[in-house]
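Biologist: I have a new model on my screen and would like to learn how to read it. Where do we begin?

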Amino acid sequence: MTKRQDGKETRQKLLNAACEVFAQKGFHAAKVADICKLAGANMAAVNYYFRDKASLYVETWRYVVSRFDEDVHSTLEKGSPAQRLRQYIGVLLKNYAEKGAAGHFSRLYMMELVNPTGLIQDVWHELIEPKRKRLHDIIGGIIGPEADREAVLLCEMSIINQCRVMATVNPDDLEYFLEQPLSSELLERLAHHISVFSLAGIKAVGNNLE
């Protein structure tokens, strides 16, 4: 039992260290030796638990994505479609803006955009598809029975890109555009604005489909 528990802890430490190193340096510049040093593990442990650097990278993505929006999906079954949309946007924006452990996703994502690896396309689709379906259901519930697939997808793109600004725009530039320092209170107001803006837009899309 002790050996099994030690093995789980070692694997977890390697994943946590990989999150830090891959998010900071990207896949190509990251070194397995740096990950092992941070985790307090040896190189053989990476080979044992993950086979190689590429497999560790893929598993890191699985781990980070699962943590990124777990708060979203714990609350999405409650309330009306409009209330669920507000919950979704609030947590999504918070996670994109997060600089701690939850912020690993945003940094990994940006590293992958800047220097694609070709390693995570399949797993990325596998991981996000169930989560996308939940957002699609929310949007479809707001539009109504006349909602068609393209309308839902375009609304999804609009919502996600409004939230993604937290990950893709330099914080100093955001403060310049918003004319005030970024704070938790400002993030709450921004989340509220995006929710109101998106809800009105989705309803307008629905009206145009009638």
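Modeller: With the definition of a helix. Helices are DSSP runs of H or I with at least four residues, numbered from the N terminus. Read along the sequence, this protein then gives the pattern α-α-α-α-α-α-α-α-α-α-α. Keep in mind that this is a predicted model.

Biologist: How many helices and strands does the protein have?

Modeller: There are 11 helices and 0 strands.

Biologist: What share of the protein counts as buried?

Modeller: Of its 210 residues, 40% are buried. The general idea is that nonpolar side chains tend to be buried together in soluble globular proteins. Here the largest nonpolar core has 59 residues. Phe22, Trp61 and Leu85 touch the most other members of that core.

Biologist: Take Trp61. Which residues does Trp61 touch, beyond those up to four places away in sequence?

Modeller: Phe105, Leu108, Tyr109, Glu112, Ile120, Trp124 and Leu127.

Biologist: What share of the contacts with a separation of 6 or more joins residues 24 or more positions apart?

Modeller: Those residues account for 68% of such contacts.

Biologist: Now helix packing. How do I describe a pair?

Modeller: Two packed helices are described by the angle between their axes and the distance between the axes. The crossing is right-handed. On the H6 side, the contact is made by Leu85, Ile89, Leu92, Leu93, Tyr96 and Ala97. H9 supplies Ile159, Ile160, Cys163, Arg164, Met166 and Ala167.

Biologist: Leu85 again. That was one of the residues that touch the most other members of the core. And how do H9 and H11 cross?

Modeller: Helix H9 covers residues 149–168, and helix H11 covers residues 184–209. The axes of H9 and H11 come within 11 Å and cross at roughly 165°. Angles over 145 degrees count as roughly antiparallel, and H9 and H11 are therefore roughly antiparallel to each other. This crossing is right-handed.

Biologist: Which residues of H9 and H11 meet?

Modeller: From H9, they are Ala151, Cys155, Ile159, Gln162, Cys163 and Met166. From H11, they are Leu187, Leu190, Ile194, Phe197, Ser198, Ile202, Val205 and Leu209.

Biologist: Ser198 stands out to me in that list. Is Ser198 buried or exposed?

Modeller: Buried, because its relative accessibility is 5% and the cut-off for buried is under 20%. Ser198 lies in helix H11. Leaving aside neighbours within four places in sequence, Ser198 is in contact with Leu85, Ile89, Ile159 and Gln162. Leu85 and Ile89 are also in the H6 side of the H6–H9 contact.

Biologist: Last topic: backbone angles. What should I look for?

Modeller: Most residues other than glycine have a negative phi. Arg51 has a positive value, with phi near 75°. Glu179 has a positive value as well, with phi near 60°.

Biologist: Where do Arg51 and Glu179 lie?

Modeller: Arg51 is in the loop between helix H3 (43–50) and helix H4 (53–68). Glu179 is in the loop between helix H10 (171–178) and H11.

Biologist: Are Arg51 and Glu179 buried or exposed?

Modeller: Arg51 counts as exposed, at 62% relative accessibility. Glu179 counts as exposed, at 72%.

Terms used: Residues numbered from 1 in each chain as written. Predicted model: local features only at pLDDT ≥ 70, side-chain atom pairs only at ≥ 80, totals over all residues. Heavy atoms only, no water. Helix = DSSP H or I, 4+ residues; strand = E, 2+ residues; numbered from the N terminus. Core = buried A, V, L, I, M, F, W, Y, C linked by side-chain atoms within 4.5 Å. Buried < 20%, exposed > 50% of the residue type's maximum accessible area, 1.4 Å probe, protein only. Contact = heavy atoms within 4.5 Å. Axes fitted to C-alpha atoms, helices over the stretch in contact; angles between N-to-C directions. Parallel < 35°, antiparallel > 145°, perpendicular 65-115°, else oblique. Left-handed = near helix turned anticlockwise from the far one by under 90°.
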